[in-house]
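Work through the exercises below with the sequence and the model open. Try each task before reading its solution.

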Amino acid sequence: MRLKGKVAVVTGAGSGMGRAISLAFVRQGAKVVVADINLEGASQTAALIEAEGGEAIAVKVDVTRKAETLQMADAALARFGRIDVLVNNAGSRCLKGFLEHTEDDWHRMIDINLTGHFFCAQAVIPSMLKTGKGKIINLASIAAHTGRPDRVAYCAAKAGVMGLTRALAMDMRGKNICVTAISPGSIATPMNEAAATSTEVAWGKETVVGRWGTADDIAHAAVFLASDESDYITGSEIAVEGGWLIGRARDGEI
Ligand SMILES: NC(=O)c1ccc[n+]([C@@H]2O[C@H](COP(=O)([O-])OP(=O)(O)OC[C@H]3O[C@@H](n4cnc5c(N)ncnc54)[C@H](O)[C@@H]3O)[C@@H](O)[C@H]2O)c1
(Lines give C-alpha, C1' and ligand atoms only; values in the text may rest on other atoms or scores of the structure.)
Protein backbone atom coordinates (compact mmCIF):
# COMPACT_ATOMS: atom_id res chain seq x y z
CA MET A 1 0.00 0.00 0.00
CA ARG A 2 1.96 2.99 -1.30
CA LEU A 3 -0.53 5.68 -0.17
CA LYS A 4 -1.74 4.17 3.10
CA GLY A 5 -3.37 6.76 5.38
CA LYS A 6 -3.12 9.59 2.85
CA VAL A 7 -6.03 11.83 1.87
CA ALA A 8 -6.14 13.01 -1.73
CA VAL A 9 -8.25 15.61 -3.50
CA VAL A 10 -8.59 14.86 -7.22
CA THR A 11 -10.27 17.45 -9.46
CA GLY A 12 -11.98 16.46 -12.69
CA ALA A 13 -12.46 13.06 -11.06
CA GLY A 14 -15.83 12.39 -12.63
CA SER A 15 -14.31 11.16 -15.88
CA GLY A 16 -11.21 9.91 -17.70
CA MET A 17 -7.88 10.28 -15.95
CA GLY A 18 -9.32 11.78 -12.78
CA ARG A 19 -11.49 8.70 -12.27
CA ALA A 20 -8.57 6.33 -12.99
CA ILE A 21 -6.29 8.28 -10.63
CA SER A 22 -8.93 8.22 -7.86
CA LEU A 23 -9.39 4.45 -8.18
CA ALA A 24 -5.63 3.83 -8.29
CA PHE A 25 -5.11 5.96 -5.17
CA VAL A 26 -7.79 4.06 -3.24
CA ARG A 27 -6.26 0.74 -4.28
CA GLN A 28 -3.00 2.00 -2.70
CA GLY A 29 -4.72 2.83 0.60
CA ALA A 30 -5.72 6.49 0.15
CA LYS A 31 -9.06 8.14 0.88
CA VAL A 32 -10.20 10.37 -1.96
CA VAL A 33 -12.22 13.54 -2.40
CA VAL A 34 -13.67 13.10 -5.87
CA ALA A 35 -14.25 16.65 -7.10
CA ASP A 36 -15.82 17.69 -10.38
CA ILE A 37 -18.12 20.31 -11.88
CA ASN A 38 -20.17 17.29 -12.98
CA LEU A 39 -21.51 15.95 -9.68
CA GLU A 40 -23.15 12.98 -11.39
CA GLY A 41 -19.79 11.84 -12.80
CA ALA A 42 -18.09 12.43 -9.44
CA SER A 43 -20.79 10.42 -7.66
CA GLN A 44 -20.30 7.56 -10.11
CA THR A 45 -16.57 7.55 -9.37
CA ALA A 46 -17.26 7.59 -5.62
CA ALA A 47 -19.69 4.67 -6.07
CA LEU A 48 -17.03 2.69 -7.96
CA ILE A 49 -14.61 3.33 -5.09
CA GLU A 50 -17.12 2.31 -2.43
CA ALA A 51 -17.95 -0.85 -4.42
CA GLU A 52 -14.28 -1.80 -3.99
CA GLY A 53 -14.48 -1.15 -0.24
CA GLY A 54 -12.67 2.20 -0.43
CA GLU A 55 -13.57 5.57 1.12
CA ALA A 56 -14.49 8.60 -0.98
CA ILE A 57 -16.74 11.64 -1.04
CA ALA A 58 -18.06 13.29 -4.16
CA VAL A 59 -17.89 17.09 -4.16
CA LYS A 60 -19.20 19.51 -6.76
CA VAL A 61 -16.64 22.17 -7.64
CA ASP A 62 -16.09 24.60 -10.46
CA VAL A 63 -12.33 25.10 -10.23
CA THR A 64 -12.62 28.51 -11.90
CA ARG A 65 -14.45 29.83 -8.82
CA LYS A 66 -12.13 30.45 -5.91
CA ALA A 67 -14.92 30.27 -3.31
CA GLU A 68 -15.92 26.80 -4.53
CA THR A 69 -12.32 25.53 -4.32
CA LEU A 70 -12.19 26.72 -0.69
CA GLN A 71 -15.47 24.88 -0.02
CA MET A 72 -13.94 21.76 -1.61
CA ALA A 73 -10.98 21.93 0.79
CA ASP A 74 -13.34 22.51 3.72
CA ALA A 75 -15.39 19.44 2.72
CA ALA A 76 -12.20 17.35 2.56
CA LEU A 77 -11.08 18.52 6.00
CA ALA A 78 -14.54 18.07 7.53
CA ARG A 79 -14.71 14.45 6.35
CA PHE A 80 -11.09 13.27 6.57
CA GLY A 81 -9.28 15.86 8.75
CA ARG A 82 -6.28 16.39 6.46
CA ILE A 83 -5.20 16.81 2.83
CA ASP A 84 -1.95 15.13 1.80
CA VAL A 85 -2.26 15.18 -1.97
CA LEU A 86 -3.90 17.45 -4.55
CA VAL A 87 -4.20 16.34 -8.16
CA ASN A 88 -5.07 19.33 -10.33
CA ASN A 89 -6.58 17.32 -13.15
CA ALA A 90 -9.74 19.20 -14.22
CA GLY A 91 -9.31 20.47 -17.75
CA SER A 92 -11.05 21.27 -20.97
CA ARG A 93 -10.03 21.89 -24.58
CA CYS A 94 -11.20 24.41 -27.18
CA LEU A 95 -10.51 23.27 -30.76
CA LYS A 96 -10.59 26.27 -33.10
CA GLY A 97 -8.25 28.20 -35.38
CA PHE A 98 -6.43 31.20 -33.91
CA LEU A 99 -8.68 33.88 -35.44
CA GLU A 100 -11.82 31.95 -34.50
CA HIS A 101 -10.94 31.99 -30.78
CA THR A 102 -13.29 34.42 -29.05
CA GLU A 103 -12.42 36.44 -25.98
CA ASP A 104 -14.61 34.06 -24.00
CA ASP A 105 -12.82 30.97 -25.43
CA TRP A 106 -9.48 32.45 -24.39
CA HIS A 107 -10.55 33.26 -20.84
CA ARG A 108 -12.37 29.93 -20.40
CA MET A 109 -9.27 27.94 -21.39
CA ILE A 110 -6.97 29.95 -19.11
CA ASP A 111 -9.50 29.84 -16.24
CA ILE A 112 -10.17 26.09 -16.31
CA ASN A 113 -6.72 24.81 -17.21
CA LEU A 114 -4.46 27.24 -15.36
CA THR A 115 -6.28 29.48 -12.87
CA GLY A 116 -8.15 26.44 -11.53
CA HIS A 117 -4.81 24.78 -10.64
CA PHE A 118 -3.75 28.01 -8.86
CA PHE A 119 -7.01 28.32 -6.88
CA CYS A 120 -7.03 24.65 -5.80
CA ALA A 121 -3.38 24.82 -4.69
CA GLN A 122 -4.14 27.94 -2.64
CA ALA A 123 -7.09 26.14 -1.07
CA VAL A 124 -5.17 23.05 0.13
CA ILE A 125 -1.70 24.38 0.98
CA PRO A 126 -2.65 25.84 4.41
CA SER A 127 -3.67 22.34 5.53
CA MET A 128 -0.48 20.80 4.09
CA LEU A 129 1.61 23.39 5.96
CA LYS A 130 -0.09 22.32 9.19
CA THR A 131 0.65 18.62 8.67
CA GLY A 132 4.19 19.43 7.46
CA LYS A 133 4.04 17.59 4.16
CA GLY A 134 2.20 17.66 0.86
CA LYS A 135 2.17 16.70 -2.80
CA ILE A 136 0.62 18.80 -5.56
CA ILE A 137 0.41 17.15 -8.97
CA ASN A 138 -0.57 19.34 -11.92
CA LEU A 139 -1.88 17.87 -15.15
CA ALA A 140 -0.06 19.65 -17.98
CA SER A 141 0.19 18.20 -21.50
CA ILE A 142 2.42 17.62 -24.49
CA ALA A 143 0.66 20.83 -25.57
CA ALA A 144 2.75 22.63 -22.93
CA HIS A 145 5.88 21.80 -24.90
CA THR A 146 4.90 21.89 -28.56
CA GLY A 147 2.78 23.98 -30.86
CA ARG A 148 -0.39 22.02 -31.54
CA PRO A 149 -2.82 23.07 -34.27
CA ASP A 150 -6.16 24.74 -33.44
CA ARG A 151 -5.58 24.88 -29.67
CA VAL A 152 -3.85 28.20 -29.05
CA ALA A 153 -5.49 29.06 -25.72
CA TYR A 154 -5.21 25.48 -24.45
CA CYS A 155 -1.48 25.34 -25.36
CA ALA A 156 -0.87 28.70 -23.65
CA ALA A 157 -2.67 27.55 -20.51
CA LYS A 158 -0.80 24.24 -20.37
CA ALA A 159 2.57 25.99 -20.86
CA GLY A 160 1.46 28.19 -17.96
CA VAL A 161 0.87 25.07 -15.87
CA MET A 162 4.57 24.23 -16.23
CA GLY A 163 5.50 27.76 -15.12
CA LEU A 164 3.14 27.47 -12.15
CA THR A 165 4.62 24.07 -11.26
CA ARG A 166 8.19 25.35 -11.19
CA ALA A 167 7.45 28.63 -9.40
CA LEU A 168 5.15 27.07 -6.79
CA ALA A 169 7.78 24.39 -6.11
CA MET A 170 10.24 27.20 -5.37
CA ASP A 171 7.78 28.98 -3.08
CA MET A 172 7.32 25.72 -1.15
CA ARG A 173 11.08 25.34 -0.57
CA GLY A 174 11.84 24.13 2.92
CA LYS A 175 8.16 23.31 3.52
CA ASN A 176 8.23 19.64 2.45
CA ILE A 177 5.56 20.28 -0.18
CA CYS A 178 6.52 18.85 -3.57
CA VAL A 179 4.94 20.29 -6.70
CA THR A 180 5.16 18.24 -9.87
CA ALA A 181 3.46 17.86 -13.24
CA ILE A 182 2.37 15.04 -15.48
CA SER A 183 2.32 15.73 -19.22
CA PRO A 184 0.04 13.23 -20.93
CA GLY A 185 0.25 12.55 -24.65
CA SER A 186 -2.59 10.97 -26.61
CA ILE A 187 -4.68 9.28 -23.96
CA ALA A 188 -7.93 7.51 -24.82
CA THR A 189 -10.40 9.31 -22.54
CA PRO A 190 -13.75 11.00 -23.23
CA MET A 191 -11.77 14.18 -24.12
CA ASN A 192 -10.35 12.32 -27.14
CA GLU A 193 -13.28 10.07 -27.90
CA ALA A 194 -13.67 11.06 -31.57
CA ALA A 195 -9.98 10.51 -32.42
CA ALA A 196 -9.56 7.42 -30.25
CA THR A 197 -12.50 5.62 -31.87
CA SER A 198 -11.82 6.80 -35.43
CA THR A 199 -10.45 4.31 -37.94
CA GLU A 200 -8.88 7.16 -39.93
CA VAL A 201 -6.95 8.87 -37.11
CA ALA A 202 -3.85 7.00 -35.96
CA TRP A 203 -2.41 9.10 -33.12
CA GLY A 204 -1.22 6.00 -31.30
CA LYS A 205 1.10 5.08 -34.21
CA GLU A 206 2.84 8.48 -33.93
CA THR A 207 4.33 7.48 -30.60
CA VAL A 208 7.53 5.53 -30.04
CA VAL A 209 5.64 2.92 -28.01
CA GLY A 210 3.14 2.58 -30.85
CA ARG A 211 -0.23 2.83 -29.14
CA TRP A 212 -2.69 5.22 -27.51
CA GLY A 213 -2.12 5.81 -23.82
CA THR A 214 -4.71 4.80 -21.25
CA ALA A 215 -6.00 6.62 -18.21
CA ASP A 216 -4.30 3.92 -16.15
CA ASP A 217 -0.91 4.88 -17.68
CA ILE A 218 -1.45 8.33 -16.15
CA ALA A 219 -2.72 6.92 -12.86
CA HIS A 220 0.48 4.86 -12.41
CA ALA A 221 2.60 8.02 -12.65
CA ALA A 222 0.24 9.86 -10.31
CA VAL A 223 0.54 7.13 -7.65
CA PHE A 224 4.33 7.46 -7.75
CA LEU A 225 4.24 11.27 -7.52
CA ALA A 226 1.71 11.13 -4.65
CA SER A 227 3.75 8.58 -2.70
CA ASP A 228 6.75 9.00 -0.41
CA GLU A 229 8.84 7.32 -3.13
CA SER A 230 9.00 10.68 -4.97
CA ASP A 231 9.98 12.86 -2.01
CA TYR A 232 13.14 14.11 -3.79
CA ILE A 233 11.26 15.21 -6.92
CA THR A 234 9.85 18.73 -7.14
CA GLY A 235 9.37 21.38 -9.81
CA SER A 236 9.67 18.86 -12.63
CA GLU A 237 7.40 16.63 -14.66
CA ILE A 238 6.88 13.12 -15.87
CA ALA A 239 5.89 12.96 -19.53
CA VAL A 240 3.55 10.01 -20.06
CA GLU A 241 3.26 10.13 -23.84
CA GLY A 242 4.79 6.95 -25.24
CA GLY A 243 7.91 8.85 -26.34
CA TRP A 244 5.96 11.27 -28.56
CA LEU A 245 8.00 14.31 -27.48
CA ILE A 246 11.43 12.94 -28.38
CA GLY A 247 10.67 13.17 -32.10
CA ARG A 248 9.49 10.88 -34.82
CA ALA A 249 10.93 8.84 -37.63
CA ARG A 250 10.50 10.25 -41.12
CA ASP A 251 8.80 8.02 -43.69
CA GLY A 252 11.30 5.38 -44.81
CA GLU A 253 14.05 6.75 -42.54
CA ILE A 254 17.16 4.53 -42.24
N1 LIG B 1 -6.84 12.99 -22.89
C2 LIG B 1 -5.67 13.43 -23.31
O3 LIG B 1 -5.13 12.93 -24.30
C4 LIG B 1 -4.95 14.54 -22.58
C5 LIG B 1 -3.68 14.91 -23.07
C6 LIG B 1 -2.97 15.89 -22.39
C7 LIG B 1 -3.49 16.47 -21.26
N8 LIG B 1 -4.74 16.09 -20.81
C9 LIG B 1 -5.20 16.72 -19.57
O10 LIG B 1 -5.52 15.72 -18.62
C11 LIG B 1 -6.57 16.16 -17.77
C12 LIG B 1 -7.69 15.14 -17.74
O13 LIG B 1 -8.19 14.98 -19.06
P14 LIG B 1 -9.17 13.78 -19.50
O15 LIG B 1 -8.69 13.32 -20.80
O16 LIG B 1 -9.35 12.81 -18.39
O17 LIG B 1 -10.51 14.63 -19.78
P18 LIG B 1 -12.05 14.35 -19.46
O19 LIG B 1 -12.78 15.30 -20.35
O20 LIG B 1 -12.37 12.90 -19.53
O21 LIG B 1 -12.19 14.82 -17.94
C22 LIG B 1 -12.06 16.16 -17.54
C23 LIG B 1 -12.91 16.35 -16.30
O24 LIG B 1 -12.75 17.71 -15.86
C25 LIG B 1 -14.01 18.18 -15.44
N26 LIG B 1 -14.06 19.64 -15.50
C27 LIG B 1 -14.09 20.42 -16.60
N28 LIG B 1 -14.19 21.71 -16.25
C29 LIG B 1 -14.22 21.75 -14.89
C30 LIG B 1 -14.31 22.80 -13.94
N31 LIG B 1 -14.39 24.09 -14.32
N32 LIG B 1 -14.29 22.49 -12.62
C33 LIG B 1 -14.20 21.20 -12.23
N34 LIG B 1 -14.14 20.16 -13.09
C35 LIG B 1 -14.14 20.43 -14.40
C36 LIG B 1 -15.01 17.54 -16.41
O37 LIG B 1 -16.33 17.54 -15.89
C38 LIG B 1 -14.42 16.15 -16.56
O39 LIG B 1 -14.97 15.25 -15.60
C40 LIG B 1 -6.98 17.54 -18.31
O41 LIG B 1 -6.30 18.53 -17.58
C42 LIG B 1 -6.48 17.51 -19.74
O43 LIG B 1 -6.24 18.80 -20.24
C44 LIG B 1 -5.47 15.15 -21.45
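**Exercise 1. Ile 21**

Which residues does Ile 21 touch, not counting residues up to four places away in sequence?

*Solution.* Start with the ground rules. This is a predicted model, in which local features need pLDDT of at least 70, side-chain atom pairs count only at pLDDT 80 or more, and totals for chains, interfaces and linings use all residues. Residues are numbered from 1 along each chain as its sequence is written, and side-chain values use heavy atoms, with hydrogens and water left out.

Step 1: Ile 21 lies in helix H1. Helices (H or I, at least four residues) and strands (E, at least two) are DSSP runs, numbered from the N terminus.

Step 2: list the partners. Contact means heavy atoms within 4.5 Å. Ile 21 touches Val 10, Val 87, Asn 89, Ile 218, Ala 219 and Ala 222.

Step 3: Ile 21 and Ala 219 are 198 residues apart along the chain, yet their C-alpha atoms are separated by 4.4 Å.

Step 4: check accessibility. Ile 21 has a relative accessible area of 0%. That makes Ile 21 buried; the class means under 20% relative accessible area, with exposed over 50% and partly exposed in between (1.4 Å probe, protein chains only).

**Exercise 2. H1 against H7**

Describe how helix H1 packs on helix H7.

*Solution.* Step 1: get the geometry. H1 covers residues 16–27 and H7 covers residues 215–226. Their axes come within 8 Å and cross at roughly 50°. Axes are lines fitted to C-alpha atoms, for helices over the stretch in contact, and angles run from 0 to 180 degrees between N-to-C directions.

Step 1: classify the angle. H1 is therefore oblique to H7. The classes are roughly parallel under 35 degrees, roughly antiparallel over 145, roughly perpendicular from 65 to 115, and oblique for the rest.

Step 2: H1 and H7 cross in a right-handed sense. Right-handed means that the near helix is turned clockwise from the far one by less than a right angle; anticlockwise is left-handed.

Step 3: name the contact residues. H1 supplies Gly 16, Met 17, Ala 20, Ile 21, Ala 24 and Phe 25. H7 supplies Ala 215, Asp 216, Ile 218, Ala 219, Ala 222, Val 223 and Ala 226.

Step 4: sort them. The contact of H1 with H7 has 11 nonpolar, one polar and one charged residues. Here Ala, Val, Leu, Ile, Met, Phe, Trp, Tyr, Cys and Pro count as nonpolar, Asp, Glu, Lys and Arg as charged, and the others, Gly among them, as polar.

**Exercise 3. H1 against H2**

Step 1: The crossing is right-handed.

Step 2: Arg 19, Ser 22, Leu 23 and Val 26 of H1 meet Gly 41, Gln 44, Thr 45, Leu 48 and Ile 49 of H2. The contact of H1 with H2 divides into four nonpolar, four polar and one charged residues.

Step 3: zoom in on Ser 22. Is Ser 22 buried or exposed? Ser 22 is buried, at 0% relative accessibility. Beyond four places in sequence, the partners of Ser 22 include Thr 45 and Ile 49, and also Val 32.

Step 4: follow Val 32. Val 32 sits in strand E2 (residues 31–36). Val 32 is buried, at 0% relative accessibility. Among its contacts are Ser 22, Phe 25 and Val 26.

**Exercise 4. Salt bridges**

How many salt bridges does a search of the whole structure find?

*Solution.* Step 1: the search finds 13 salt bridges. The criterion is a side-chain nitrogen of Lys or Arg within 4 Å of a carboxyl oxygen of Asp or Glu.

Step 1: take Arg 108 and Asp 105, paired at 3.5 Å, N to O. These two are three residues apart in helix H4 (residues 103–131), so about one helical turn separates them. Arg 108 is partly exposed at 31%, whereas Asp 105 is buried at 5%.

Step 2: take Arg 250 and Glu 253, paired at 2.5 Å, N to O. Arg 250 is exposed at 62%, and Glu 253 is partly exposed at 39%.

Step 3: find the network. Salt bridges link Lys 6, Lys 133, Lys 135, Asp 228 and Asp 231.
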